[in-house]
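This report describes selected features of one protein model.

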Amino acid sequence: MSERPVSVSVVIPAYNAAATIAECLTALNAQSLPRTDYEVIVVDDGSIDDTADIAARYGARVLRQANSGPAAARNRGVNEARADIVLFTDSDCVPSPEWLEEMIGPFADPQVAGVKGVYRTRQRNLTARFIQIEYEDRYDHTARCKYVDLVDTYAAGYRRNILISNGGFDIRFRFLEDQELSFRLTHAGHKMVFNPRAVVYHYHPESWRRYAQRKYRIGYWKTRVLRLHPSKAWRDSHTPWSLKVQMLLTALSAPLACLSIWVRPCVSLLGVIATAFLVTCIPFMVKAWRRDHPVALVSLPALYIRAWSLGFGVVAGYMSMLRQRGAPTDAQKH
């Protein structure tokens, strides 16, 4: 007996996700669409906990593989999907009841190849609240674009044939593989749109240290993305110009701070840079004040942490690529 056709497949890569996968799948089982209209595929990426067993108990179709990273796990889910539309979310996300319906709605336009949703959080921790407003600041930037060039896989949707014909996610990327895929599809001429009503709830980092570590990792892997898509260093639908200016200003401040010990004019230049950094932060601080007063009060140092962490990640990423470029090949070793 053949399986009943489904209109959409939801793919979730999962690695040691036993603590969060049940809440994710509970939300997916309670969508506004009939449960028989969609399938949920959990790709267990070599977990050593009970992720696969929990997913099976909640009715997901479970695929197991040796640990290969989220890009490979998502590709496996796409290859096994039964529907023409494939949605992605993460194992630590909780989709809102209308998420699935909102994600597939834009595909009524045959020109739409991909859809981007949004993060929200119910956390009350100050760090998490800052991160949420940071995302909302980016969403305000994205909403100005008719088409987007970056679709994050916490709330992403694509036509399956588009993914397959373009090679899927690049398995060389263990992070930011969704950015690389989005830029590649944009370059190929595919149109993707933003739907802010397609909401998943997420647990953001709750310490500034973890936040900084994540930003460092983003900066590090961004260098790999930009190596393949250098034009995106200047403009994309996700990154406000203020962030790029802040990273530049913090990069200039380090050598000036050292030189100011011996060269007095550098002290004045350092003051100009600090003032410029403050000016670039004002729009974010105003936005934060309107939404959450305590977040506004910590925004200036938090944005400084963000710029430094991303910058260090970028430097480390480029240094790593230079070392790899200069390393001898196997043929040279022999």
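A residue is called buried when its relative accessible area is under 20%. The model discussed here is predicted. In strand β7 (residues 156-159), both faces are covered. Ala156 and Tyr158 are buried on one side, and Gly157 and Arg159 are buried on the other.

Strand β7 pairs with two strands described here. Strand β4 (residues 85-88) runs antiparallel to β7 and is joined to it by four bridges; Ile85 stands opposite Arg159 of β7. Strand β6 (residues 112-120) is likewise antiparallel to β7, with three bridges between them. Within β7, Tyr158 is the bridge partner of Gly114.

## Cysteines

A disulfide requires a pair of cysteine sulfur atoms within 2.5 Å. By this rule, the model has zero disulfides. Cys24 takes part in none, and its nearest cysteine sulfur, that of Cys93, lies 6.9 Å away. The closest cysteine sulfur to that of Cys93 is in turn the one in Cys24, and the 6.9 Å between them is too far for a bond.

Cys24 counts as buried because its relative accessibility is 0%. Cys93 is also buried, with a relative accessible area of 0%.

## Nonpolar surface patch

Leu278, Val279, Ile282, Val286 and Leu300 form a nonpolar surface patch of about 360 Å². Helix α10 (residues 265-291) gives the most to this patch, contributing four residues.

Val286 is found in helix α10. Its relative accessibility is 36%, so Val286 counts as partly exposed.

Terms used. Residues are numbered from 1 along each chain as its sequence is written. This is a predicted model: local features need pLDDT of at least 70, side-chain atom pairs count only at pLDDT 80 or more; totals for chains, interfaces and linings use all residues. Side-chain values use heavy atoms; hydrogens and water are left out. Patches are made of residues with over 30% relative accessible area and no salt bridge: like charges are joined within 9 Å, nonpolar side chains (Val, Leu, Ile, Met, Phe, Trp, Tyr) within 5 Å. Accessible areas come from the Shrake-Rupley method with a 1.4 Å probe; for residues, only the protein chains shown count as cover. A salt bridge is a side-chain nitrogen of Lys or Arg within 4 Å of a carboxyl oxygen of Asp or Glu. Buried means under 20% relative accessible area, exposed over 50%, partly exposed in between (1.4 Å probe, protein chains only). Two strands pair if DSSP finds at least two bridges between them.
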